[in-house]
Amino acid sequence: MKETDREAVATAVQRVAGMLQRPDQLDKVEQYRRREARKKASVEARLKAAIQSQLDGVRTGLSQLHSALSDVKDIQRSLADVSQDWRQSINTIESLKDVKDAVVRHSQLAAAVENLKNIFSVPEIVRETRDLIEQGALLQAHRKLMDLECSRDGLLHEQYRMDSGNTRDMSLIHSYFGSTQALSDELAKQLWMVLQRCLGTVRRDPTLLVSVVRIIEREEKIDRRILDRKKQTGFVPPGRPKNWKEKMFTVLDRTVTTRIEGTQAGTRESDRMWLVRHLEIIRKYVLDDLIVAKNLMAQCFPPHYEMFSNLLRMYRQALSTRMQELASEDLEANEIVSLLTWVLNTYTSAEMMGNAELVPEVDASNLEPLLSPNVVSALLDTYMSTLTSNIIAWLRKALETDRKDWVKETEPEADQDGYYQTTLPAIVFQMFEQNLQVASQISEDLKTKVLVLCLQQMNSFLSRYREEAQVYKEEHLRNRQHPHCYVQYMIAVINNCQTFKESVVSLKRKYLKSEGEASVSLSQPSMDGLLDAIAKEGCGSLLEEVFLDLEQHLSELMTKKWLLGSNAVDIICVTVEDYFNDFAKIKKPYKKRMIAEAHRRVVVEYLRAVMQKRISFRSADERKEGAERMVREAEQLRFLFRKLASGSGEDVDGYCDTIIAVAEVIKLTDPSLLYLEVSTLVSKYPDIRDEHIGALLAMRGDASRDMKQTIIETLEQGPAQASTDYVPIFKDIVVPSLNVAKLLK
């Protein structure tokens, strides 16, 4: 208390100090005293009221405690009286056992009397119920069955309640009502038969289906009522719960599965299109069934059955199971395509689950896939493996067929522009096109993989094509009389290369979304190179044919006969022109290259004749005559190749200029200027070698040994540098084994 008083005094001092901080506040001391007195009086009044309230509560509590104590004593006395009365009545209760037994017997007899009429009429009701079931009056039959079961269950319940251990009486009741369970099973069988044909029944007689649903609903209610009673009494009648609703869905599920599996109408042995037909029948049946289920069947069932959703689930599961069974079979490539196209595309398309009549109940975009990604991947791997083998076999057969055409006595066909061709490119790319169209039906990814495969196999095929063309040439060279149309079919082989190129570009443009797909684009350069190589070898084979015919006439060049007036070059020009009339059937890019190569080879052969020292001029007049003849023949050749190259834009002057330049060296009359003329020739043609100069000087016949030696040694000291656009021509000309030292003699 002292501590509290001190705190109160300290607080008061602080408040007074706060109120009297200025001298002018001393005048208000009396006013402050009255205000504080009022506050004090108010606080004391509230404190007294609170204390008084607490005291009243304590007084009331004490009063209630006294009252409760009195009540407890009264209850204690009453319990003692009850206990005493109970002990006194035990003997009385035991004496009433006979009365209790009489009451139980009375209850049994009352139940028997109540069911007596039904008990005596059981055989008749059984007969009537069986007749109604056979007549299809299912609702009436079920009503009578319910009456039988109610009588049986009532008697069994009373017996169970009276004496559950009396198996003899229970068995007697079971035996008497034995036909009831058989009737129930027979009725259930009829219900399941209706449900198995529900899609047809709902079209013809929906009331029959509604009756079945009503019977099932009745049984479900009875099952629920019996299960509730079991919790109280522990008694369950025989055959309960029937769970007919659950069995109904099981029957429907089995029916759907059987319907899907039963659509297979044939086998691979009897019908190559068995799978296509099977899948189409499934599609039609499923679509028709779901439309009927949505528009008619769902109306016959209570909403909480969610019948359409359940049927949709059953059909999807049955379809998935069937598709997995089909996928596990040893399918051929075309069958795999049919299956995957159906599973990945047809299933969700407007022709089936995406049909407008199933919207909005069915959202095709949210349907689970019928086959797992692993199964789809395995099928695709099998398809690609089989397709690879098939493409290899098809390409081999196509090449064999084309190879047989090469030995025919008739010329190959020409396209609309008159160029020779065979059917090989069309056959190959028709096959590629068919496989790509099929792959496009499945997925973009598979389409790209098939295109890559086709191009890869195309590369391998072109290597074999190249080998066959080479064998074809070698066989012809062994006997140039056969095949009769060798030139024409070799032209067709060359043209096929251009057709292959164009077809590959067309194929990629059509089946690739973008040229940036590296895996496919990378194959193009190597394929183009291979096609160019085949075409180049084909052109070489044709030119080889030309030069085999020219060989005799080329051997006359730079001989005494030539100098005296041979017509070898005339014959060469006529022969080349005649061949190139046939070569006009070659497509432009290859024809242009072939003209250039023929031009080059003719000039090279002409220069080779110069370098072979077939003739050595003995006088200036012979040198002049020979040189002028060389110039005339060079112009004759230039005219020929200009004529052949007209419209191609090919420069045909450069090669013939080489002959004229060599003729200028031979024509020179002043030997002292020979070094200057030779150095000019070497500067224009840097690939000319010492043996070429030695042979050329030997052909002139007037250069001394020292002059030859000096010219060659001087030229060796400062070899000419070739320009970047220079095309070597002398490098292919080999001087006969006569060495330079001998040429200098």
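Glu306 is exposed, with a relative accessible area of 52%, where exposed stands for over 50%, buried for under 20% and partly exposed for values in between (1.4 Å probe, protein chains only). Glu306 is not a glycine, yet has a positive phi of about 45 degrees, and is placed in the loop between α11 (274-295) and α12 (307-328); helices are DSSP runs of H or I with at least four residues, numbered from the N terminus. The model is predicted, so that local features need pLDDT of at least 70 and side-chain atom pairs count only at pLDDT 80 or more, while totals for chains, interfaces and linings use all residues. Residues are numbered from 1 along each chain as its sequence is written, and side-chain values use heavy atoms, with hydrogens and water left out.

A positive phi, of about 55 degrees, is also found at Asn243, which is not a glycine. Asn243 lies in the loop between α9 (206-233) and α10 (244-261) and is partly exposed, with a relative accessible area of 32%.

Two cis peptide bonds may be described next. One joins Val359 and Pro360, with omega about 0 degrees, and Pro360 belongs to the loop between α13 (333-346) and α14 (373-405). Another joins His482 and Pro483, with omega about -10 degrees, and Pro483 belongs to the loop between α16 (444-478) and α17 (486-511).

Methods:
Helix = DSSP H or I, 4+ residues; strand = E, 2+ residues; numbered from the N terminus.
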